[in-house]
Amino acid sequence: MDTEHSLHKAAKDMRCSIGLAYLFLYYLLQFCGHSWIFANMSARFLSFGCDALAGTFYFVGVMMCLCQLLSVLELFHIADGLEESRLLPRLVQVMERNFLLYLIISQEEFQSKTIVCVLFYLWNISDLLRYPYELLCLISTPSFNMLWARHTVSIPVYILSVIAEGISVLQALPYYESQEMYSDELKAPVSVYVHFPYLLKAYLPLLAAGSGMTVLILLKQRTQTFDSWNKKMKIS
């Protein structure tokens, strides 16, 4: 009986170790990817000024798409218990970013717009606040300054990114209305014509509602995190 219990404990410990190693590599990969994007965009902006804005997607678009596509794995991390986080805020963030990247920003006519550069900067700042913090949580206890930045600065950055996402959708509407791209007639089970610009217009209130709920959850999580930190400081 003791042997069976020991084997079960050893298997559980091994699974936990493998999970931690996997999370460490994942966070490190995301941090390196976003650091490269941020450094590349900043270097080009300092070298070429506003002229660098038009070529943002050309130079960093592939890496950004890769990082955002990998972020879908975070939903499985939470569902599997590898990562202790709320599913709804992460789901909203992952879906809205990938929706914009692959349905709007991926269009060549839209890639040179200034809003793309603004959006990429905001996404990078948000992720550069999160991934180093998550990395440090795996191996040590983060400092209060890092904790504060992760749970305070990231909230207004997220709000600004949502506003930029809404602006990008509005700027994309005239293009989709003129090109009628992604608009088609569905024949089964009932013949219905799907006009993609209408879907984009319907997406805007959904974006506002989802981001509003996410901000409320983030504020609640911030309060709980700081309360837990204060309790630890009192005990120590």
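Helix H7 gives the most to the lining of the largest pocket, with eight residues. The model is a predicted one.

The largest pocket has a volume of about 1,100 Å³. Its lining comprises 37 residues. Nearest the centre of the pocket lie Glu84, Tyr133, Glu134, Cys137 and Gln221. By class, the lining holds 14 nonpolar, 13 polar and 10 charged residues.

Now turn to how the helices pack. Two packed helices are described by the angle between their axes and the distance between the axes.

H4 passes H7 in a left-handed crossing. On the H4 side, the contact uses Leu88, Pro89, Val92, Glu96, Phe99, Leu103 and Ile104. They meet Phe196, Leu200, Tyr203, Leu207, Gly210, Ser211, Met213, Thr214 and Ile217 of H7. The residues of this contact divide into 12 nonpolar, three polar and one charged.

H4 has another partner, helix H3 (residues 73-80). The axes of H3 and H4 come within 9 Å and cross at roughly 170 degrees. H3 and H4 are therefore roughly antiparallel to each other. Their crossing is left-handed. H3 brings Glu74, Leu75 and Ile78 to the contact, and H4 brings Leu87, Arg90, Leu91 and Val94. The contact of H3 with H4 has five nonpolar, no polar and two charged residues.

The last pair joins helix H2 (residues 56-70) to H5. Their axes come within 11 Å and cross at roughly 40 degrees. Angles under 35 degrees would count as roughly parallel, so at this angle H2 is oblique to H5. The crossing of H2 and H5 is left-handed. H2 contributes Thr56, Phe57, Val60, Gly61, Met64 and Gln68 to the contact. H5 answers with Val116, Cys117, Phe120, Trp123, Asn124 and Asp127. By class, the contact of H2 with H5 divides into seven nonpolar, four polar and one charged residue.

Conventions: Residues are numbered from 1 along each chain as its sequence is written. This is a predicted model: local features need pLDDT of at least 70, side-chain atom pairs count only at pLDDT 80 or more; totals for chains, interfaces and linings use all residues. Side-chain values use heavy atoms; hydrogens and water are left out. On a 1 Å grid over the protein atoms alone, a cavity is a set of points where a 1.4 Å probe fits but cannot get out, and a pocket is an open set with protein on both sides within 12 Å along at least five of seven lines; lining residues have an atom within 4 Å of a point. Grid points are joined across faces, edges and corners, and a volume is the space filled by probe spheres set on the points. Helices (H or I, at least four residues) and strands (E, at least two) are DSSP runs, numbered from the N terminus. Ala, Val, Leu, Ile, Met, Phe, Trp, Tyr, Cys and Pro count as nonpolar, Asp, Glu, Lys and Arg as charged, and the others, Gly among them, as polar. A crossing is left-handed if the near helix is turned anticlockwise from the far one by less than a right angle, and right-handed if clockwise. Contact means heavy atoms within 4.5 Å. Axes are lines fitted to C-alpha atoms, for helices over the stretch in contact, and angles run from 0 to 180 degrees between N-to-C directions. Angles under 35 degrees count as roughly parallel, over 145 as roughly antiparallel, 65 to 115 as roughly perpendicular and the rest as oblique.
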